[in-house]
Amino acid sequence: MFQTATKEPKVLIAFYSRSGVTEALADAVAEGARADGAEVRLRRARELVPAEVMAKAPGWREAAEAMNAKYEAPTEADAEWADAIVFGTPTRFGSVSSELKAYIDGLGGLWAQGRLNGKAGSVFGSTSTPHGGNESTLISMYNPMAHLGLVIVPLGYADPAMYKAGTPYGASAVSFNQAKPPTDDDREVARFQGRRVAFVARALKAARITDTKQGQADQVGASQS
Ligand SMILES: Cc1cc2nc3c(=O)[nH]c(=O)nc-3n(C[C@H](O)[C@H](O)[C@H](O)COP(=O)(O)O)c2cc1C
């Protein structure tokens with residue numbers, strides 16, 4: 001367990017999941033963040049395709065409806081609220097799902113105002129097959145996170161769980177065509193990710209980074225409160 005120091009961090013977990021595999025990882029990340037004292041918002045990005053396209057994939061509509069009943073859609077306000085943003089996505093042809101990417105692209109207004117600079121950022125994901133693109137997907141997400149000014153939090157091999165599962169880039173799971181939920185080891189890595197993100201977010205919040213627009217805004221906010 002990490003040493004904790006200051007005010008509780010707020011962690012936004014913004015994910016897309018069609019059949020629940022990435023959702024299960026999101027739950028474990030949330031569990032880890034809460035274990036480190038964080039306040040957590042879990043949000044699911046919505047479908048972009050029309051109902052007739054969803055109808056061609058058995059179970060898609062039902063799974064989406066069930067998850068949408070549990071989770072609100074992520075908003076700009078959620079991103080502003082958060083001290084850390086953790087993205088989660090199933091692989092789509094070796095990269096991020098368009099549903100999650102649409103949410104990220106919608107953060108352009110906050111990007112233009114420098115409102116996300118200096119927050120912690122991290123990512124997790126899942127593929128169908130062992131070499132189907134987990135690492136390429138996670139690393140591809142580092143690109144938008146860098147543009148948004150997030151302080152990227154990888155996992156390294158900083159916890160024993162990392163030697164059993166996961167990648168240093170973020171928690172991952174291999175679902176074998178959605179037949180297999182994340183293993184206990186996958187979930188342990190995801191919980192570690194939640195704890196680590198909360199720890200880094202707390203430290204950044206305490207430090208009030210001063211060399212970014214967000215940090216300057218934080219300084220102003222802090223001196224006024
Ligand atoms: C359009 C599409 C593209 C996909 N591309 C890949 C891929 O490149 N590699 C892979 O291993 N799985 C791929 N998958 C499978 C999912 O990423 C995988 O089953 C994932 O675990 C599903 O997670 P979810 O239950 O959270 O939706 C693809 C699925 C779809 C629908």
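How many of the 24 residues of helix H8 are buried? I'll start there, and note that what we have is a predicted model.

The count is 19, so H8 is mostly covered, taking buried to mean 20 or more other C-beta atoms within 10 Å. H8 runs over residues 184–207. From the first C-alpha to the last, the helix reaches 35 Å, which is close to the 34 Å expected at 1.5 Å a residue.

Next, the ligand. The shell around the ligand holds 21 residues, and those that come nearest are Ser17, Thr22, Pro90, Thr127 and Gly132. Two elements give two or more residues to that shell: helix H1, residues 21–35, and strand E4, residues 120–127. H1 gives the most, with three residues. Sorted by class, the shell has 15 polar residues, three charged and three nonpolar.

Glu47 is in the loop that lies between strand E2, residues 39–44, and helix H2, residues 51–54. Is Glu47 buried, exposed or partly exposed? Glu47 has 18 other C-beta atoms within 10 Å, so this residue is partly exposed; buried would need 20 or more, and exposed 12 or fewer.

As for what Glu47 touches, setting aside neighbours within four places in sequence, the contacts are Met54, Ala64 and Glu99. Take Ala64: in sequence, Glu47 and Ala64 are 17 residues apart, while in space their C-alpha atoms are 7.9 Å apart.

That covers the helix, the ligand shell and the loop residue.

Definitions and conventions: Residues are numbered from 1 along each chain as its sequence is written. This is a predicted model: local features need pLDDT of at least 70, side-chain atom pairs count only at pLDDT 80 or more; totals for chains, interfaces and linings use all residues. A residue is near a molecule or strand if its C-beta atom, placed from the backbone, lies within 6 Å of it. Helices (H or I, at least four residues) and strands (E, at least two) are DSSP runs, numbered from the N terminus. Ala, Val, Leu, Ile, Met, Phe, Trp, Tyr, Cys and Pro count as nonpolar, Asp, Glu, Lys and Arg as charged, and the others, Gly among them, as polar. Two residues are in contact if their C-beta atoms, placed from the backbone, lie within 7 Å. The expected span of a helix is 1.5 Å times one less than its number of residues.
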